[in-house]
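Subject: Structure handover

Hello,

I am passing this structure on to you. Please open it first, then read the notes below.

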Amino acid sequence: MIKFIALEDLLPIRNQVLREGRLTPDECRFPSDTLDSIFHLGYYVGDELATIASFHQNGYGDFEGLGYQLRGMATIEKYRGMGFGNQLLNFAIVYLRGQKVNYLWCNARKVALQFYHNTGFEIISDEFEVPGIGPHHVMYVKIQ
């Protein structure tokens with residue numbers, strides 16, 4: 001089941017999956033977490049939070065229309081490959097379409113490029129390095 005969730009609910013997974021458990025949950029807060037436009041989604045398996053993602057209004061480059069950025073998408077190890085991330089991302093795209101958002105973009109880790117590509121995203125940047133995290137590309141999907 002996909003739900004809108006509170007920031008505090010997803011911080012442990014951000015730390016575990018995206019920062020390899022090296023930080024405290026509080027250190028896994030993004031500056032964008034304080035924006036009025038942000039919302040967080042979680043995919044639950046029973047009572048267990050399996051997949052998370054955060055979305056906030058943020059245009060990219062000279063792209064026209066209303067843009068949102070996806071940040072902090074992660075699935076805990078035991079639930080990877082089960083399609084939960086795909087379902088969560090598709091739910092978000094349908095929700096954002098209803099909010100009249102034109103496109104969604106993200107800084108995708110190189111290891112996740114195929115996942116995003118399979119969900120309709122395309123690479124729109126050269127590879128770049130995020131210090132301490134690794135190689136990334138900007139990816140984009142048109143919503144409307």
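A term first: a nonpolar core is a set of buried Ala, Val, Leu, Ile, Met, Phe, Trp, Tyr and Cys residues joined through side-chain atoms within 4.5 Å. Keep in mind that this is a predicted model.

**The core**

The largest nonpolar core holds 39 residues. Seven names to look for are Phe55, Leu70, Leu89, Leu96, Leu104, Tyr116 and Phe121, which touch the most other members. Several elements each give two or more residues to this core: H1, strand S2 (39-45), strand S3 (48-57), S4, H2, S5, H3 and S8. In soluble globular proteins, nonpolar side chains tend to be buried together.

Take Phe55 as a way in. Leaving out residues up to four places away in sequence, Phe55 touches Ser37, Ile38, Phe39, Leu41, Tyr68, Gln69, Leu70, Leu88, Leu89, Ala92, Leu96 and Leu104. Leu70, Leu89, Leu96 and Leu104 are also among the core residues that touch the most other members.

**The pocket**

The largest pocket has about 860 Å³ of space. Its lining counts 35 residues. Nearest its centre lie Leu18, Met73, Arg109, Ala112 and Tyr116. Two or more lining residues come from each of helix H1 (7-18), strand S4 (67-75), helix H2 (84-98), strand S5 (103-109), helix H3 (113-118) and strand S8 (134-142). S4 gives the largest share, 7 residues. By type, the lining divides into 18 nonpolar, 11 polar and 6 charged residues.

**The cysteines**

How many disulfides are there? The count comes to 0. A disulfide needs two cysteine sulfur atoms within 2.5 Å. For Cys28, the nearest cysteine sulfur is that of Cys106, 19 Å away, so Cys28 is in no disulfide. Cys106 is in no disulfide either, with the sulfur of Cys28 as its nearest, 19 Å away.

Are these two cysteines buried or exposed? Cys28 is buried, at a relative accessible area of 4%. Cys106 is buried too, at 1%.

**A residue on H1**

Glu8 sits in helix H1. Glu8 is partly exposed, with a relative accessible area of 48%. Glu8 and Leu41 are 33 residues apart along the chain, and their C-alpha atoms are separated by 12 Å. Leu41 is among the residues that Phe55 touches.

Best wishes

Conventions: Residues are numbered from 1 along each chain as its sequence is written. This is a predicted model: local features need pLDDT of at least 70, side-chain atom pairs count only at pLDDT 80 or more; totals for chains, interfaces and linings use all residues. Side-chain values use heavy atoms; hydrogens and water are left out. On a 1 Å grid over the protein atoms alone, a cavity is a set of points where a 1.4 Å probe fits but cannot get out, and a pocket is an open set with protein on both sides within 12 Å along at least five of seven lines; lining residues have an atom within 4 Å of a point. Grid points are joined across faces, edges and corners, and a volume is the space filled by probe spheres set on the points. Helices (H or I, at least four residues) and strands (E, at least two) are DSSP runs, numbered from the N terminus. Ala, Val, Leu, Ile, Met, Phe, Trp, Tyr, Cys and Pro count as nonpolar, Asp, Glu, Lys and Arg as charged, and the others, Gly among them, as polar. Buried means under 20% relative accessible area, exposed over 50%, partly exposed in between (1.4 Å probe, protein chains only). Contact means heavy atoms within 4.5 Å.
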